[in-house]
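This report describes selected features of one protein model. The sequence and the structure are shown first, and the description follows.

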Amino acid sequence: MPHTSPNRAKSAAAFERAKKVIPGGVNSPARAFGAVGGSPLFIARADGPFLYDLDGNEYLDFIGSWGPMILGHCHPKVVEATVAALKNGSSYGAPCELETQLAELVIDAVPSVEMVRFVSSGTEATMSAIRLARGFTGRDLVVKFAGCYHGHVDSLLVSAGSSALTHGVPNSPGVPAGCTQDTSVLRFNDTAALAELFAAKGDKIAGVILEPIVGNMGLVPPADEFRRALRDLTHKHGALLIYDEVMTGFRLGYGGAQVMLGDTPDLSCYGKIIGGGYPVGAYGGRADVMRKVMPAGPVFQAGTLSGNPVAMAAGIATLSELKSNPPYERLEQQSERIGEGLTRAAAAAGVPVRFNRVGSMWTPFFTGTPVTDLDTAKTSDTARFGRFFWEMMDRGVYLPCSQFEAAFTCAAMTDDHVTRTIRAGAESLQALAKV
Ligand code: KE4
């Protein structure tokens with residue numbers, strides 16, 4: 001179906017205005033469309049599975065605020081609970097029972113989490129978990145994996161040194177070498193490199209942090225052998241295994257990736273869904289580790305709006321709805337249909353696409369190479385992804401604005417919405433094949 005780009009003049013004007021007062025016109029770089037070109041859409045409102053831009057254009061929303069909106073936007077139960085909480089005050093600076101209620105929901109959902117501390121972002125959650133691992137073990141070295149993103153924590157804004165055994169190197173100006181010298185970066189799914197590092201430095205490693213199912217290099221699942229080695233080696237050497245489930249928590253099943261995979265990390269990090277669209281992060285895990293957190297223990301961590309009552313109410317309503325009406329089977333079926341449909345359409349168009357998916361998280365990599373880590377993800381034709389992104393956007397389907405992100409199917413989408421997405425994908429891929 002021939003199509004023309006809808007009018008987006010109001011978004012373009014809003015972007016020019018924003019760039020005068022906000023760096024890059026956005027409050028988080030991923031939103032600036034740098035990876036796909038063009039100007040970002042400014043959103044006027046969202047409802048159910050839809051985003052509406054300032055020019056009134058409607059889009060099926062597969063970004064879902066980068067993960068939180070698993071129920072879709074303006075879910076009646078979340079709106080009702082949040083408004084009710086708001087009328088009791090927005091913030092107290094003192095404990096309230098809503099914090100305990102959400103903590104009990106998280107602990108009930110995830111067997112490895114015996115205690116939990118709330119913060120206000122995923123970054124705070126991972127930063128605190130790293131500090132706690134170092135405080136608990138008395139060791140300094142932390143291990144992460146290339147392509148896994150854990151927020152803008154200084155010690156995790158790091159690239160691999162000259163070898164896996166050397167110090168990490170900052171990958172952003174403003175991060176002193178001292179902040180990353182105790183961070184080692186390995187290739188995801190590289191079991192041999194992990195074993196080599198533990199053989200050389202196992203008694204110095206405080207913790208290993210990873211996204212158990214990676215969303216931040218695009219969707220990349222872990223190899224079973226890699227997951228087994230992570231748990232065995234951290235156990236053997238007294239290091240903590242930290243699952244960053246900020247994206248996967250309550251997304252890939254009510255217990256998140258670790259319950260789906262049958263894994264038991266020592267600490268887990270949360271964000272996104274547990275706030276139901278409000279600023280909430282959390283870290284939790286073994287009680288003997290969590291009791292080292294101040295004021296129960298000596299490891300400092302604090303936050304003015306941690307456990308904010310309005311955010312807690314949104315998180316409680318969201319998790320309660322996920323628990324009482326789990327959408328995961330339908331999300332699996334709809335996401336599988338999208339994967340099969342786009343894979344078929346890419347083959348018909350003669351466009352190489354590798355479609356990676358786990359549950360309702362998925363990524364069409366524009367490459368003919370199987371994608372199992374950052375190096376293979378980078379074989380993707382990012383310019384072609386950018387063209388696909390805009391072809392889909394022009395057909396009313398809003399995908400994540402980068403090849404190296406995961407798309408999120410939401411529970412407010414119907415089978416017709418999925419059919420519409422597949423049709424838009426087929427038309428978009430045919431359009432790509434012509435250039
Ligand atoms: P926040 O500080 O953005 O709440 O969470 C950081 C974070 C930690 N861990 C994982 C696995 C994450 O995915 C994130 C944040 N995800 C990105 C998108 N991939 C947020 C989008 C953005 O930065 O604007």
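Is T183 buried or exposed?

## Residue T183

T183 is buried, its relative accessible area being 0%; buried means under 20% relative accessible area, exposed over 50%, and partly exposed in between (1.4 Å probe, protein chains only). The residue belongs to strand β8 (residues 183-187); helices (H or I, at least four residues) and strands (E, at least two) are DSSP runs numbered from the N terminus. Leaving aside residues up to four places away in sequence, T183 touches R134, L141, V142, K144, S155, L156, V158, H167 and G168, a contact being heavy atoms within 4.5 Å. V280 lies 97 residues from T183 along the chain, and 26 Å separates their C-alpha atoms.

## Basis of the model

The model is predicted: local features need pLDDT of at least 70, side-chain atom pairs count only at pLDDT 80 or more, and totals for chains, interfaces and linings use all residues. Residues are numbered from 1 along each chain as its sequence is written, and side-chain values use heavy atoms, with hydrogens and water left out.

## Strand β9 and its partners

Strand β9 (residues 205-210) is largely enclosed by the rest of the structure, because 6 of its 6 residues are buried. Strand β5 (residues 141-146) pairs with β9 in the parallel sense over 3 bridges, where pairing requires at least two DSSP bridges between two strands. Here V142 has G207 of β9 as its bridge partner.

β9 is also joined to strand β10 (residues 240-244) by 4 bridges, and these two strands run parallel. L210 has Y243 in β10 as its bridge partner. Together with helix α7 (residues 224-237), β9 and β10 make a right-handed β-α-β unit; right-handed means that, with the strands pointing away from the viewer, the path from the first strand over the helix to the second runs clockwise.

Strand β2 (residues 50-53) and strand β3 (residues 58-61) run antiparallel and are joined by 3 bridges; Y52 stands opposite E58 in β3.
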